[in-house]
Amino acid sequence: MEKDVLLLAIESSCDETACAVVRNGKEILSNVVASQIDVHTLYGGVVPEVASRIHVENISVVISEALRQAGISVADVDGIAFTQGPGLIGSLHVGVLAAKTLAFAYHKPLIPVQHLTGHIYANAFVGELKFPLLALVVSGGHTELVLMKEDYDFNVIGTTMDDAVGEAYDKVGRVLNLPYPGGPKIDRLAREGKPVYRLPKPKLENEMNFSFSGLKSAVMQYINRLERNGEELNVADMCASFQETALNSLWDRVELALKNNEVRQLVLAGGVAANSRLREIVEQRMKKHPDIEYIIPPLSCCTDNAAMIGASGYIAYQKGIRADYDVSADASLEMPGAY
Ligand code: KG4
Ligand code: ZN
């Protein structure tokens, strides 16, 4: 039997300070997340400078708590996995420095992890990943269709030309005067409304890519037109209209990717995967593809956390991927290609 691999994982790419202890990439011994959302809600969005300062304040406590809950010390782990990027540079630096410090002090290997690969591998907590696999990565910063022929072989076959889908949710939320982040609020309000406002579906030359900034502008123009005509805006109906258009545009591309590629499994990843309507759409539409398995991760695995960095870090560890002590945060780090 192979020896267990215990990883301490650290994530600080945006506005959550997180640390987890994960065994063999699958078993979560602890998963501590300190969210800064209340602070950023006051400003209507994440303020990078504020985010990095709060990470500095929280990181040691979050790491100690993750170790305490797992009942271990840093000396017991086989490596320190950390988010190297992408994300807010000041925020990333805090986690990277914490990881380097622990690795140096305890003579542990450092395992660099790309944040989006963490979102994809969060699905390993639910079931076994089966390749070739298609991942729909939908978060505040990214909208990506990733085809994986095997572990750690990330092939981006579709991406956004402008705003990420989560960003579009948050911007439309702001237009509708909803508190930050708009995504979960729009999700909730859309359930009370009907998609009666006709919004144009984003059109693109390359059908595999996404575009959401035009949709956000269309929502603004629609609201202005209603105002000019003295008509009242039904916020719930606008939420439903925006959401249906955005999610159908997402799904059209997934469908095309499933048609054009041999895929055994579809997985959802990222904060927007928490969306209740998207989850419904996937369940309904996958009935047409009985040969393709799919995983929709539980809500707790969708938004940023460190357990997912431990899951991806485990595969990286097995593949011998290591960072030196001079490793630095990389705000625009891409997913690694085939190793
Ligand atoms: O993955 P994540 O936690 O952070 C990034 O790496 O970006 O994703 C955050 C994004 C935000 O834009 C948030 O509005 C969106 O995920 N989000 C949602 C929902 N829950 C979170 N969007 C739509 N519906 C939701 N239920
Ligand atoms: Zn994320």
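Q: If contact means heavy atoms within 4.5 Å of each other, how many residues of domain 1 are in contact with domain 2?
A: There are 19 residues of domain 1 in contact with 22 residues of domain 2. This is a predicted model, in which local features need pLDDT of at least 70 and side-chain atom pairs count only at pLDDT 80 or more, while totals for chains, interfaces and linings use all residues. Residues are numbered from 1 along each chain as its sequence is written, chains are lettered from A and ligands numbered from 1 in the order in which they are written, and side-chain values use heavy atoms, with hydrogens and water left out.

Q: Where are the two domains in the chain?
A: Domain 1 is made of 6–121 + 301–318, and domain 2 covers 128–296, with bounds that come from an automatic or database domain assignment. Their C-alpha centres are 27 Å apart.

Q: What area is buried between them?
A: About 1,600 Å² is buried between domain 1 and domain 2, and carbon and sulfur atoms give 74% of it; buried area here is the accessible area (1.4 Å probe) that two parts lose on being put together, summed over both. On the side of domain 1, the residues that lose the most area to domain 2 are Ile120, Tyr121 and Cys302, which together make up 38% of what that side buries.

Q: Which helix gives the most to the side of domain 1 that touches domain 2?
A: That is α4, with 5 residues. Helices (H or I, at least four residues) and strands (E, at least two) are DSSP runs, numbered from the N terminus.

Q: Changing topic, which residues are closest to ligand 1?
A: The closest are Gly140, Asp170, Asp187, Gly271 and Asn275, out of 19 residues that surround ligand 1, where a residue counts as near if one of its heavy atoms lies within 4 Å. A polar side-chain atom of His115 is 3.3 Å from an oxygen atom of the ligand, and a backbone N or O atom of Gly183 also lies 3.3 Å from an oxygen atom of ligand 1.

Q: Back to salt bridges: how many does the structure hold?
A: It holds 14 salt bridges, and one of them pairs the side chains of Asp78 and Lys3 at 2.9 Å, N to O. Asp78 is in the loop between α2 (48–70) and β4 (79–85) and Lys3 in the segment before β1 (6–11), so the pair ties together parts that are 75 residues apart in sequence.

Q: Which peptide bonds are cis?
A: Among them are the bond from Gly85 to Pro86, with omega near -5 degrees, and the bond joining Phe131 and Pro132, with omega about -5 degrees. Pro86 lies in the loop between β4 and α3 (89–106), and Pro132 in the loop between α4 and β6 (133–138).

How values were computed:
Contact means heavy atoms within 4.5 Å. A polar contact is a pair of N or O atoms within 3.5 Å; within protein, one must be able to donate a hydrogen and the other to accept it, and residues adjacent in sequence count only if both atoms are side-chain atoms. A salt bridge is a side-chain nitrogen of Lys or Arg within 4 Å of a carboxyl oxygen of Asp or Glu.
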